[in-house]
Amino acid sequence: MPSRFTTAWIHMPFLRSGSRALLPAAMTTAIACSLLVAPSAGASPIPAKVLPDEVVAAPATAGSEATASTGRFIITFEDGPAAVQGAKANAFGRLAKDLGLSVREVRETADGAVVVKADGEVSTVAADGVVAALNELPGIVHVQEDVLMRPLAGVNDPGFRDQWNLFGEPAGLRVPAAWDRSTGAGQTIAILDTGITPHTDLDANVLPGYDFVADPAIAVDGNTGRDADPSDPGDACLDPEPGAEPTESSWHGTHVAGIAAAMGNNSKGMAGVAYRAKLLPLRVMGACGGLLSDTADAIRWAVGGTVAWTENGISHTLPANPHPARVVNMSLGAEEVCSPYLQQAIDFAVQQGSVIIAAAGNESQPATNVMPANCHNVITVGATSRAGNHASYSNFGPEVDFSAPGGDGSTGAENILSTMNSGRTAPVAEAYGYMQGTSMAAPHVAGVAALMLSVNPALSPEDIERILADSTRPLTRACANGCGTGTVDANAAVWWAAGFPPSIRGTADVVAADAAGTLWNYPSNGKGGFAQRARIGSGWSALKNGFVTDWNQDGVLDLVAQWKDGRLTHYAGITSGGFQPAQTIGNGWGSYFVTVGKWRSGDRYPGIVAYDPQGALWHYPNPSGGVLGPRTRIGTGWNGLYLTMTDFDGDSRMDILAKKADGKLIQYRSNGTGQFLSESRRTIGTGWRSVNSMGSLPGFDQSGGQALMTRLTDGRLAYYPFAAGRWAARSIVGSGWSDYNLFR
């Protein structure tokens, strides 16, 4: 179909849209009309999933499934201890015998009912069976499932539950959380595509656009040139280039527009990423494709520029665009180097403050071969599958800035649901359907950009690209060929755009710089594991050692960095998130081993304890929360030891823990005044040879005592809790950390 990136691209001046059909024809499933659009001859249809029209009061959210149950039940028994005990035994025996479920009591409620939990997973069907069976038993007054209550934030569109691309893990955009702060109100997204068909899930968001297709043979709309009607008459390619097959209409522009900004919370169909943003449809493609010159003019007009030309000696000027767009989506491309003509139009748009989003292309080739993905000043978007991996068809390489859901499978459930039309060649009736491609990935990012601008209209295109890149999360599986910085995270991007960039929130978080110099915060979940990591910086590849500490004692965690060139810098944390610019607090530290903490009990600010190349151990106080004061020597012979500073024994005086080459872990106790106790040294562990990085990290789990987070020589992270004077069993909490520089 014409909306597919094919291996035989039409060369300049034609452009093609950037979606992939699921089959030889785009298979669509109607929601409102309950209509299955038939495939083209010879295609096997995808099984229809007709979505209901009724209001869904509590749509599925991230991590939920329609078949899941809590497996918990609230049982009210008849009064009297004997009656209760007998009823319990009868009930639990019936569950075990007839339904094969083993349950345990969780607690008793305030009114005397009992909450029980079934072992293992329970489907909603099985849960209904449990409730029905128990309600029939003597001695039981009432049974009901202990259902999961959720916040009412979100949308009531019935198709939302099938939009894994917005909420599902691991690949979803995490849009519902972003909606708590922004739904895109006040922003306009220009959709340069095949035009748009009337659709009740779009119409209220659609602004007056324009049809830029000048050639009547491409326009196939009965007009002789450009006009103010951007509706899509169909882009069927019935007379294709030699060697290509005729195709039916794709309704590509309608599908792309719905992903970006279909209406939300209207109890109908599905929801767009920025469902309160406006859509500016600009038709630049018709039968079999579109012309570069039309696309370049559409970009200029979309952002408020003047479009004038002369044809047959007659001058033409388009009416001014009354709704300039800050976001421009181009899910189209041609296998060409970036045209200077197109680049000039893109540069003009960026100068007006508009961000340009381009699909990377679906050739499974370097995106450098595809225009406009290879142009400067564009955000180029690759596609991911529902599993969170690089989509098999998606183009790749350094031109790709990041990725977003595009789908990758032969069934609708694996791909992207959006607005469509049921016609084969000409419009017939509104519908909904699934498509896949980088064409689908790009409008996801366009929608997120609108969410960001809605909370912070002052953002520049460069700001938007930087924030999107810095707030991505990794793909499920590494992308060897280059898929950008990761998968777009709408919630993190909107939070950051609103002035709350990610930072270190807890003292039990792990901060680390990877081999590429990206700085990450791995928040503790408080149970001995990590929550989702957040990117908090870049450019840290020259780091030698890093430390998390409240250096200026303002209640916000800071970073202290020791660089390979010998600089020592302080990054003050900001209450609302992020860090202030670096402040140099010393030079000449390249050959020192450094650790940070309040070495003297009376110190207000943490300082530095470090040994020099000769093994002398020094204390550098921090008298003002800024630069360091004069040093004091506190020991000799410390060469080759790995140090960390912590109050290991809880006596309110800082200790130094030193790992020796023979694997012994030694505690050196402070006297609180800047020197060691006379009987300070004691061995607290052996067999630590495999540890090559360690730091104090109490609170990472629920043990309540001291603890060390360590990295082993094989790249695993091992957590060692210490309580009541002894080490508890270590736990392995991660692997693959060999190339990471852990902060202490």
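Which residue, with a positive phi, follows H8? That would be Gly 353, whose phi is near 95°. Before going further, some ground rules. This is a predicted model in which local features need pLDDT of at least 70 and side-chain atom pairs count only at pLDDT 80 or more, while totals for chains, interfaces and linings use all residues. Residues are numbered from 1 along each chain as its sequence is written, and side-chain values use heavy atoms, with hydrogens and water left out.

**The chain overall**

The secondary structure comes to 11 helices and 39 strands; helices (H or I, at least four residues) and strands (E, at least two) are DSSP runs, numbered from the N terminus. Of the 744 residues, 57% count as buried. Here buried means under 20% relative accessible area, exposed means over 50%, and partly exposed is in between (1.4 Å probe, protein chains only). Take the contacts (heavy atoms within 4.5 Å) between residues at least 6 apart in sequence: 59% of them join residues at least 24 apart.

**Helix H8**

Back to H8, which runs over residues 340-351. Its 12 residues reach 16 Å from first C-alpha to last, close to the 16 Å expected at 1.5 Å a residue (the expected span is 1.5 Å times one less than the number of residues). At its start, a side-chain oxygen of Ser 339 reaches to within 3.1 Å of the backbone nitrogen of Tyr 341.

The buried residues of H8 are Leu 342, Gln 343, Ala 345, Ile 346, Ala 349 and Val 350. They sit on the same side of H8 because they cover an arc of only 160° around the axis, going by the directions from the helix axis to the C-beta atoms. An α-helix has 3.6 residues a turn, so residues three or four places apart point the same way. Pro 340 and Gln 351, on the other side of H8, are exposed. What covers the buried residues includes helix H7 (292-302), strand E12 (327-330), strand E14 (355-359) and helix H10 (461-470).

Past E14, in the loop between it and strand E15 (379-384), you'll find Asn 362. Asn 362 is buried at 5% relative accessibility, and its side chain makes a polar contact with the side chain of Thr 438 at 2.9 Å. A polar contact is a pair of N or O atoms within 3.5 Å; within protein, one must be able to donate a hydrogen and the other to accept it, and residues adjacent in sequence count only if both atoms are side-chain atoms.

**Aromatic rings**

Rings of Phe, Tyr and Trp (its six-membered ring) pair if their centres lie within 6.5 Å; planes under 30 degrees apart count as stacked, over 60 as edge-to-face and the rest as tilted. By this rule the count comes to 29 aromatic pairs. Here are two of them:

| Pair | Centre to centre | Between planes | Type |
|---|---|---|---|
| Trp 688 and Trp 727 | 5.4 Å | 55° | tilted |
| Phe 700 and Tyr 719 | 4.9 Å | 55° | tilted |

Trp 688 is in the loop between strands E33 (676-685) and E34 (691-696) and Trp 727 is in strand E37, so their pair ties together parts 39 residues apart in sequence. Trp 688 is buried at 5%, whereas Trp 727 is partly exposed at 22%.

Phe 700 lies in the loop between E34 and strand E35 (706-712) and Tyr 719 in strand E36, so this pair links parts 19 residues apart in sequence. Phe 700 is buried at 0% relative accessibility, and Tyr 719 is buried at 0% too. Both belong to one aromatic cluster, along with Tyr 522, Phe 530, Trp 737 and Tyr 740.
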